[in-house]
Amino acid sequence: MVEKRNIFGVTRAALEEYFIQSGENPAKAGIVFDGIYRRGIRSFDALGLSTRVCGALSRDFEMTLPETAEALESEDAAKLLLRLRDGEYIETVLMRQKFGNCVCVSTQVGCSMGCAFCKSGQLKKRRSLSPEEITGQVIAVSERFGVKISGVSVMGIGEPFDNFGAVRDFCEIMCEPKGYALGEKHVTVSTCGIVPGIYEYAALPHPCNLAISLHAPNNALRDELMPINRAYPLEELIAAAEYFSKKANRRVTLEYVMLNGVNDTPEHAEQLCGLIGGRDFYVNIIPYNAADSDFEKSPRDRIMRFYDVLKKHGVGVTMRREFGAELKAACGQLRADYEK
Ligand code: SF4
């Protein structure tokens, strides 16, 4: 028997191709997208298509979402621990922001990139997620908390460019105008610095936003904090980010987590300004979520000094609010506790 595909992992182009191959009008793909993503229909029979088409869809596709094992909620954030079909667990975070609800999705079960400050890195990669397992996180959050999603960050557990095909399809599904229609500027893919992945991403016809987890302004420190830097040092990483920014005509975000006494001095800030030069990048300063870690969160005055240096040099900089520290929001923390 041919295995059914999960509809939540199918792009509009692939679904159109399916209909063409079945001798049907490919425009039906738009009806399916509208039904499942906009109207929340969870049965092929309720899509308003003919009995013949509904029968074929039910024969060839399934419509299943990951199960929620645990849900935590605070005023500005929420978190789901989801159980996948093979018994693995993943985490998804909802951030309620002034300008809308943003979901932070995971792309792998565990992560092998080994960033020193990251709880997820302690749980090595077991496998990559399929597109439907990534899409399923957004739907699960939206349904569980009854919210409309206006943005997605591909910034949870896992390295997106170590799972390129699934992340590419996920982005396409999120941006499909007949579906969630988020738009490329409302989906951000964040890499720890896989340079060939950045070029591949830049080559897509409609890439979404790009963020880079930078976290250090020089190679010596970045080598220590993020082993990927030994394969793709800062000069190569910055050149790739600049290439993306010019090709896609998009500002690139540099994520910078503030680790007390490690990467947060005014000298580090000066080095960071030198690294950015006049490029179309901006820095997102992130207060560290210090749960169960060898690193500490930088005090507010150190963060402000760092921020001021960037401002003085005319570098675009924002400071991320702290979301749901009480929800065990450090990536991987909830799953780690659950598996103990
Ligand atoms: S920071 Fe991201 S890339 Fe690095 S170990 Fe954690 S999940 Fe992996």
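Here are some notes on this predicted model, going from its domains to its sheet, its core and one leucine.

1. Ground rules. Because this is a predicted model, local features need pLDDT of at least 70 and side-chain atom pairs count only at pLDDT 80 or more, while totals for chains, interfaces and linings use all residues. Residues are numbered from 1 along each chain as its sequence is written.

2. Two domains. The protein splits into domain 1 (5-62) and domain 2 (67-339); such bounds come from an automatic or database domain assignment. Their C-alpha centres sit 32 Å apart. Where they meet, 10 residues of domain 1 are in contact with 13 residues of domain 2 (contact: C-beta atoms, placed from the backbone, within 7 Å). Helix H2 (residues 28-38) supplies the largest share of the domain 1 side, five residues. (Helices are DSSP runs of H or I with at least four residues, strands are E runs of at least two, and both are numbered from the N terminus.)

3. The sheet. Look for an open sheet of 10 strands with mixed pairing, in the order E3-E4-E5-E6-E9-E10-E11-E12-E13-E14. Two strands pair if DSSP finds at least two bridges between them. Strand E3 (67-73) and strand E14 (316-319) are the edges, each pairing on one side only. At the E3 end, E3 and strand E4 (residues 77-83) run antiparallel over six bridges; leucine 72, for instance, has lysine 79 in E4 as its bridge partner.

4. The core. The largest nonpolar core has 84 residues, and Val103, Val152, Cys171, Met174, Leu210, Ala241 and Val283 have the most contacts inside it. (A nonpolar core is a set of buried Ala, Val, Leu, Ile, Met, Phe, Trp, Tyr and Cys residues joined through C-beta atoms within 7 Å.) Helix H5 (residues 164-175) gives the most to this core, seven residues. Setting aside neighbours within four places in sequence, methionine 174 touches Val152, Tyr180, Leu182 and Val187.

5. Leucine 129. Where does leucine 129 sit? Leucine 129 is in the loop between strand E8 (127-128) and helix H4 (131-145). Leucine 129 counts as buried because 27 C-beta neighbours lie inside 10 Å (buried means 20 or more other C-beta atoms within 10 Å, exposed 12 or fewer, partly exposed in between, with C-beta atoms placed from the backbone). Beyond four places in sequence, its contacts include Ile90, Val109, Ile134 and Ala166. Leucine 182 is 53 residues away along the chain, with 21 Å between the two C-alpha atoms.

How values were computed
Two residues are in contact if their C-beta atoms, placed from the backbone, lie within 7 Å.
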